[in-house]
Amino acid sequence: QPQPAMIEITVNDRLGKKVRIKCNPSDTIGDLKKLIAAQTGTRWDKIVLKKWYTIFKDHISLEDYEIHDGMNLELYYQ
Amino acid sequence: QTAMGTGDTSSKKSEKRKRRRRSRSASPAPPPPAPSSSSQAQASSSSSSRRQQKQPQHQQDEEEQQSSGDVISLSIEETNKLRAKLGLKPLEVNSSASDPKAKPGSSSTNFLHAPAKSLTQAKHSAKVQERTLIGRQKREMREKLTRLRGLGDDSDEEDKDLPAAAWIERSRNLEAERRMAEQRAKELAELDAEFDVSRLVEADVASSAYSSNDLAGLRVAHSAKKFKEGQTTVLVLQDRGVLDSNDDDAAETLINVNMVDDERHAENVRNRAQVGSAWHAANAGLEGEAGLDDEDDELGGAGPSVLAKYDSVIAADSASRKRAFVLAGGETEAPAAKSAAALARDAVAAASVSLDGPSELKLAADYLSAAEVAEAAKFKRRKRKVPKSRMLKADDLLPLVDDEEASKGRQEEGELVDEAPTMPGLTDAEIIEQTPSVADEALEDLQLLLERARRVQQQDGRRRPRQLPVVNRRDKQDQEEDSSGLPSASSGMVFDTTAEFCRSLGDASKAATAVAVAQAEARAAVADAAEAASFEASAAAADVDAGDDEDGLEDDYSIYGRRKQQQVGTWMEVDPESAMRQQQQQQQPSREQYRRRTAADDEDSMDVSDAEQAGGGGAGGILEEEPELRKGGIGAALELARRKGYLESSGGRRDTAAGSSGVSGLRAKKVFQEDLRHDDIDAKFGRRDRLSFGGGGGGGGVQEFKELRNYKPDVKLEYTDDDGRVLNQKDAFDYLSHRFHGKGSGKKKTEKRLKKIKEEELLKSMGSSDTPLGTAEKLHAKLERQGTAYVCLSGRAAAASLPSGVSK
């Protein structure tokens, strides 16, 4: 399957914060967190991205996590 | 949400300011979603309102931050800028599909499944391989075949003119070659002989030819029979002394170790074994002693000799010598051992029975001939316990009748009955002797046997019926002897314990009663005839069975009782006078009272009616006459009361401590009978006492005594000591607890208590004018002694004023 160049991920904090981030699949979670932080206004190291109980680690890329275009992630704070 | 990262905030703000400035300076077309987003941004939700509010000025400008609804999203350019700021590479935006080949490291591109192994291909390839292999092998075979030359090929190769001749020539050549080879071998052998090799080889070969000739002259210490054909036995030289001479007697003997041991064991056993021992029985077998023996061992000894204990040793030695055989040169043939077949034949022959049988054959008869009978009879001969002269008499048959009945009873039960009737007290032999018309001894014995067999069969069943008639006879005899005093059952007498007891009671004062009765009878002559007659008439009417008393043992009392019983059951003409009398005499006077009445002490006080009654009692009447109270005054009334039992008077038979003894003592002194009327409700519920509620007094009583309704007692509970002192509540409790627990106070406490008591005493005995210790009195006394009007309490003078024994 061809790898999309740019993907857009929706990150949702159940408290009303919903952010759509455009990023490359090769970006790491840490980069994503930085982007989220830039948009939401929190510190990037305070952010925890989860999908149900899976916590996404910072050093792994999105494509390795198989996070594709349009996926929803859960935003929590440490 | 409230907290904003400081760094971010500043950067954000600066960024926003930059954006503002830029936006103001140039107004390029904002990204298409911007205007829409700005409008949407203005319509902010509650949650992100604060965010939006924080940058109200930014919202007016081009809104680069898109937020559709609640969603915040940046455009691509913005994102790229952000990324550049953060240090990330920009977004990869491609219009067309990206080529997967460009990224070598990506998992999606490198991922290529290996094709599955196709089975058909594999099969096909395998088949091909096989075929090729086979083809190669065939080729090889063919090539080989072509190379080979058959028989006919040779001839084909050479001339076909003289094949035979050529063949002959060839064969001759072969022969010549063989001869040549032999010659060469000979030469070689000669060469070897020169070096003495051949001789050594021959010697070895020659020495190995060790034949039986070499063994000639050796003795074997076992019998030849033990060595069977085809079996290899290893023999060794028997130990011999070094200095023993090499004579024929002491020739070299060969022994087999195992055989020697066996022989020795057999020797020991034969010497040791008892005839009756288990080992002997087990090992001797059917042959007996012969089985234990060694084959050729025969002791020709003549009884016990002087050195009997060495006989075995000597015998063994001689036997072994006899057994030994000498090996001869050449083939020593062992004596042909009996083959298995021969052994079997011998065994069969030993156990066989000759089938010749009796010379003459007779026809089998069902009955024993005279000779055979005699033979059978000869088998048993019993001693006679009873002389045969005892003949059966008629008297002996008497018990037979009972036994027959008994046997018939048994027959009903289904048991066998003897043909010969059993007679008690006789043994089997006697029985059989006595049975008449038994002349034949054989039949007698037969019957004896049958008897015994039958007895064994019915052991239990037979014993009891035999005993029964004996027992019954005895019982009947006893009954006839002892039945003098007791009335028969058919007479109708009923015995019960109370009557018996009363009878025994009556024996004591029977004499007295008899006397009284006699006196009463005498007095009865003076009595009123009409009353007596009337009484007697009623008594006679009631007296149905007057003659029941056979023995005269029955007391008046029991007759009285019986009369009462009979009166209950029979119809009577109610005489008003007698009826009244009976009513008044509902209460049966006790035996003691009756006796009291008839006692000698009360003779004088007896009423005329009493005497009449006594007289009537003599005739059989015990019922009392109601005393006429108009004659006597209080005395008569008292007498009546006493008679009725209302009074407890001394004299005569005293009541026992617990009331009158016997049954009468248990009867209620005062019997109240309520005439209950169950139909009348008013009567039921009208006069109900408090006590009669729910089971008589105590159950559900609500009201106190009616008399004591206004009773308010002044209760004063006073507890006193052992000494009589009145205790207060505390002391009383102490006393109670001490009594309860069984132990009092300790030493100190008791001292304290005693001290307190003493003080109390002193207080009590205190004079009004003085202290309890009597200080004033003492002071006065002291003053008198001193002669002064004062007492020095302290100082020099105080010491002198103290008594002698007391120091300050």
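**The outward and buried faces of helix α19 of chain B.** On the face of α19(B) turned away from its buried side stand the exposed residues V456(B) and Q457(B). The model shown is predicted: local features require a pLDDT of at least 70 and side-chain atom pairs a pLDDT of 80 or more, whereas totals for chains, interfaces and linings use all residues. Residues are numbered from 1 along each chain as its sequence is written, chains are lettered from A and ligands numbered from 1 in the order in which they are written, and side-chain values use heavy atoms, leaving out hydrogens and water. Helices (H or I, at least four residues) and strands (E, at least two) are DSSP runs, numbered from the N terminus. A residue is called buried under 20% relative accessible area, exposed over 50%, and partly exposed in between (1.4 Å probe, protein chains only). The buried residues of α19(B) are E444(B), L448(B), E451(B) and R454(B). Viewed down the helix axis, these buried residues fall within an arc of 135°, so they line one face of α19(B). The arc is taken from the directions that lead from the helix axis to the C-beta atoms. An α-helix has 3.6 residues a turn, so residues three or four places apart point the same way.

**The annotated segment 164-194 of chain B.** According to an unreviewed UniProt entry, residues 164-194 of chain B form a "coiled-coil region". UniProt positions are given in the numbering used here, feature names are shortened, and annotations may be inferred rather than shown by experiment. In the model, this segment of chain B is 100% helix and 0% strand, and its end C-alpha atoms lie 45 Å apart.

**Salt bridges in chain B, including that of E760(B) with R725(B).** Over all chains, the whole structure holds 19 salt bridges. A salt bridge is counted where a side-chain nitrogen of Lys or Arg is within 4 Å of a carboxyl oxygen of Asp or Glu. E760(B) forms one with R725(B), their closest N and O atoms being 3.3 Å apart. E760(B) belongs to helix α32 (residues 747-764) of chain B and R725(B) to the loop between β7 (719-720) and β8 (726-727) of chain B, so the pair ties together parts that are 35 residues apart in sequence. E760(B) is partly exposed at 32% relative accessible area, whereas R725(B) is buried at 13%. K730(B) forms a salt bridge with D734(B), with 3.7 Å between the closest N and O atoms. Both K730(B) and D734(B) lie in helix α31 (residues 729-741) of chain B, 4 residues apart, about one turn of the helix. K730(B) is exposed at 57% relative accessibility, and D734(B) is partly exposed at 25%.

**Strand pairing around β5 of chain A.** Strand β1 (residues 7-13) of chain A pairs with β5(A) in the parallel sense over 3 bridges. Two strands are said to pair if DSSP finds at least two bridges between them. N12(A) has E74(A) in β5(A) as its bridge partner. Strands β3(A) and β5(A) run antiparallel and are joined by 4 bridges; here L49(A) stands opposite L75(A) in β5(A). In chain A, E8(A), R20(A) and K22(A) are also linked in a network of salt bridges.

W52(A) is placed in the loop between β3 (47-51) and β4 (54-55) of chain A, and it is exposed at 64% relative accessible area. E66(A) lies in the loop between β4 and β5 (72-77) of chain A and is exposed at 52% relative accessibility.

**An open sheet of 4 strands in chain B.** The strands follow the order β4-β5-β3-β6 (chain B), with mixed pairing. Its edge strands, β4 (236-237) and β6 (325-326) of chain B, each pair on one side only. Strand β3 (residues 219-220) of chain B and strand β5 (residues 253-255) of chain B run parallel and are joined by 2 bridges. R219(B) has T253(B) in β5(B) as its bridge partner.
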